[in-house]
Amino acid sequence: MPNTKRNTFLFASLFIGLLLLFFINISLGSVTIPFKQVFNSLTGGEVSKQAWEYIIINYRLPKALTAILTGMGLATSGLLMQTLFRNPLAGPDVLGLSSGASLGVAFVILGAGFLPAFLSDVVLSSYGIVLASTLGSFVVLLLVLLVSQRLRDTIAILIVGLMFGSFTSAFVGILTYFSTAEQLQKFTFWSLGSLGNLSWPSIGILSVCVGLGLLMSVFSIKPLNALLLGENYARSMGMNFQKTRLVIILATSILAGSITAFVGPIAFIGIAVPHIAKLLFQTSNHVILYWSTLLLGAAIMLFCDVISQMPGGDVTLPINAITSIIGAPVVIWLLVRKRKMMN
Amino acid sequence: MTKTVLHTDNLSIGYTSKAGKTVIAKNLNLTLAEGKLIALIGANGIGKSTLLRTITGIQKPLEGNVFLNDKKTTGYEPLELAQNLSVVLTDKLPPSNLTVFELVALGRQPYTNWIGTLSENDIEKIREAINLTHINHLSDKKHYEISDGQLQNVLVARALAQDTPLIILDEPTTHLDLVHKVALFKLLKKLTHETGKCILFSTHDVDLAIQLSDEMIVMTSEKTVQNDPCTLISEGTFNTLFEDEHIFFDAEKGKFIIR
């Protein structure tokens with residue numbers, strides 16, 4: 001293959017870029033911590049100020065790790081969906097997965113009041129929210145898939161995804177109408193999206209979920225390549241379509257669901273990152289796309305988080321706003337470019 | 001005596017729906033033998049696609065059986081079937097960045113490991129398929145950069161790389177001009193004779209099929225017959241092909257004439 005050298009170079013630069021962004025992300029914020037101190041703190045060396053060490057271990061490091069997990073997970077789920085639906089515009093937010101997850105979380109946060117006290121404690125735990133959110137996105141994805149089987153038209157699938165999105169948000173609206181101010185506040189904060197505020201145990205749960213989703217995706221690489229020729233060819237090459245589709249759907253639901261549960265709905269990472277990877281590496285081979293999407297997703301998420309911190313300033317912008325500001329133009333640009341690759 | 005790759009035994013094809021069974025054709029006893037190029041012809045809507053779908057195992061037979069290497073197709077695991085039967089479909093390829101080489105290489109999927117790594121043997125088979133179909137100069141091009149005729153050759157190469165004794169093509173010559181139609185037919189003919197594979201294809205180019213195929217399967221609403229083109233002409237089978245008084249088959253010229 002003639003592209004091997006180029007790919008090695010790209011992967012190396014991506015990896016170095018990711019490491020660099022990781023350190024920059026930890027070093028910047030309302031308090032700027034020098035690079036060397038960040039490095040020392042992470043490698044267990046001496047840090048000149050106690051406060052710095054505290055900030056890094058309890059705030060910056062969890063946030064950076066959450067950004068990496070979120071970026072990797074959402075970008076991968078976008079890649080899986082784009083290939084499964086044969087649709088370059090598919091992504092967890094576009095197909096209504098994030099809204100499905102929101103509905104699940106809304107049920108738990110806003111509906112917990114209707115349950116007896118001991119039960120509401122159970123469902124309001126991190127596990128309960130993750131489960132509800134994953135279930136929500138799974139149900140929406142199943143519905144979109146059911147409809148897409150009948151429609152086969154790529155634009156129609158996107159519209160169906162949007163419809164499910166507005167349906168679920170209407171439902172969430174009704175739920176909020178019946179809930180207390182306290183519940184409402186909790187849900188509103190969640191829906192704004194935030195990479196911070198995750199405790200170490202929560203990061204543990206998120207890592208397990210994302211790890212599971214990514215592992216399932218690795219085993220889907222070969223069938224995903226077969227799907228590049230369409231469902232019928234894939235079957236003719238010995239692929240078990242039912243099984244593959246189930247694994248892909250489960251993986252995307254776990255990824256999008258668990259991430260949405262912990263950091264709220266994050267827009268555009270899922271749809272934009274796989275495209276950037278495809279453009280950079282000029283390939284459709286999922287062995288390469290998988291790893292490049294993973295690295296790029298993490299790097300871009302870290303980058304968005306750096307911007308949202310407004311280095312030197314005291315305010316933190318909502319992360320969802322930043323990903324949209326960066327992601328939306330990418331998608332528009334993709335549509336305008338619209339080579340044969342798009343259609 | 002050449003070896004039989006696939007045969008059907010009193011096969012009935014059609015659809016089952018809530019209203020009951022719709023039989024499209026019945027009592028089909030077809031034999032596909034090694035090294036033969038076999039054309040499947042018939043008017044639109046007569047059931048060519050249904051027959052191909054049934055033979056390839058996408059659709060279940062209403063009655064009777066399809067035997068591939070003397071084993072029922074319904075008894076095959078998907079992977080095992082993929083190692084014995086490859087297809088070229090009319091499906092439009094979804095948008096992707098696949099190069100011609102990568103597209104042909106996908107034909108090796110039934111043989112590769114869990115992540116699809118190509119072994120030396122796989123690369124060898126891919127090169128062989130690319131050489132046989134004369135698409136060497138295209139291998140680094142993206143699949144959307146080449147012409148329809150070239151893409152058809154690439155899809156044939158993919159089926160070849162799958163290394164199966166039987167290849168089935170659904171209307172491979174549609175959208176091609178005469179030059180490319182002839183070129184594709186000749187390529188298929190060459191492949192059957194050089195590799196000993198059996199190739200079955202459906203087509204509407206009856207006159208070309210008469211000249212270039214070893215055997216033909218003619219589907220009409222009355223019956224389905226299989227024989228070599230000369231016998232079919234002398235039996236007057238082609239006159240029953242279209243139920244239209246204006247179309248008439250000229251046995252001497254070997255083509256259809258409009259009156």
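# A guided tour of a predicted two-chain model

Begin by selecting strands 5 and 6 (residues 71–72) of chain B, which run antiparallel and are joined by two bridges. Within this pairing, B:Phe67 is set opposite B:Lys72 of strand 6 of chain B. Next, display the turn: strand 5 of chain B and strand 6 of chain B make a hairpin with two residues between them, and B:Asn69 in that turn has a positive phi of about 50°. The coordinates on view throughout belong to a predicted model.

**The other partner of strand 5**

Strand 5 of chain B, residues 63–68, pairs with strand 1 of chain B in the antiparallel sense, through five bridges.

**A second hairpin in chain B**

Move to residues 247–250 and 255–258 of chain B, which are strand 12 and strand 13; the two pair in the antiparallel sense over four bridges. B:Phe248 can be found opposite B:Ile257 in strand 13 of chain B. Which residue of this hairpin takes a positive phi? Select B:Gly254, where phi is near 70°; the hairpin has four residues between its strands.

**The domains of chain B**

Colour chain B by domain. Domain 1 comprises 1–84 + 167–179 + 196–259, and domain 2 comprises 91–163. The C-alpha centres of domain 1 of chain B and domain 2 of chain B are 26 Å apart. Their contact draws seven residues from domain 1 of chain B and six residues from domain 2 of chain B. On the domain 1 side of that contact in chain B, five residues are nonpolar, two are polar and none is charged.

An unreviewed UniProt entry annotates residues 6–246 of chain B as "domain: ABC transporter". Selecting that span shows 32% helix and 25% strand, with its end C-alpha atoms 37 Å apart.

**Crossing to chain A**

Now display both chains and select the interface: 28 residues of chain A are in contact with 24 residues of chain B. The elements giving two or more residues to the chain A side are helix 10 and helix 11 (231–236) of chain A. Helix 10 of chain A gives the most, with four residues. By class, the chain A side that touches chain B holds 13 nonpolar, eleven polar and four charged residues.

**Helices of chain A**

Proceed to helix 12 of chain A, residues 241–263. This helix of 23 residues reaches 33 Å from its first C-alpha to its last, close to the 33 Å expected at 1.5 Å a residue. Select the residue that follows helix 12 of chain A, A:Gly264, to find a positive phi near 85°.

For chain A, an unreviewed UniProt entry carries the annotation "transmembrane region" over several spans, including 64–85, 155–178 and 246–276. Two of these spans may be examined in turn:

- Residues 64–85 of chain A are 95% helix and 0% strand, with end C-alpha atoms 32 Å apart.
- Residues 155–178 of chain A are 96% helix and 0% strand, with end C-alpha atoms 36 Å apart.

**Confidence colouring**

Finally, colour by pLDDT. Chain A averages 87, and 95% of its residues score at least 70. Chain B averages 92, with 100% of its residues at a score of at least 70. Which element of chain A has the lowest mean pLDDT, and which the highest? Helix 5 (residues 117–124) of chain A has the lowest, 70, whereas helix 10 (residues 221–227) of chain A has the highest, 96. For the model as a whole, ipTM is 0.93 and pTM is 0.90.

Terms used
Residues are numbered from 1 along each chain as its sequence is written. Chains are lettered from A and ligands numbered from 1 in the order in which they are written. This is a predicted model: local features need pLDDT of at least 70, side-chain atom pairs count only at pLDDT 80 or more; totals for chains, interfaces and linings use all residues. The expected span of a helix is 1.5 Å times one less than its number of residues. Two strands pair if DSSP finds at least two bridges between them. UniProt positions are given in the numbering used here, feature names are shortened, and annotations may be inferred rather than shown by experiment. pLDDT is the predictor's confidence in each residue, from 0 to 100. Two residues are in contact if their C-beta atoms, placed from the backbone, lie within 7 Å. Ala, Val, Leu, Ile, Met, Phe, Trp, Tyr, Cys and Pro count as nonpolar, Asp, Glu, Lys and Arg as charged, and the others, Gly among them, as polar. Domain bounds come from an automatic or database domain assignment.
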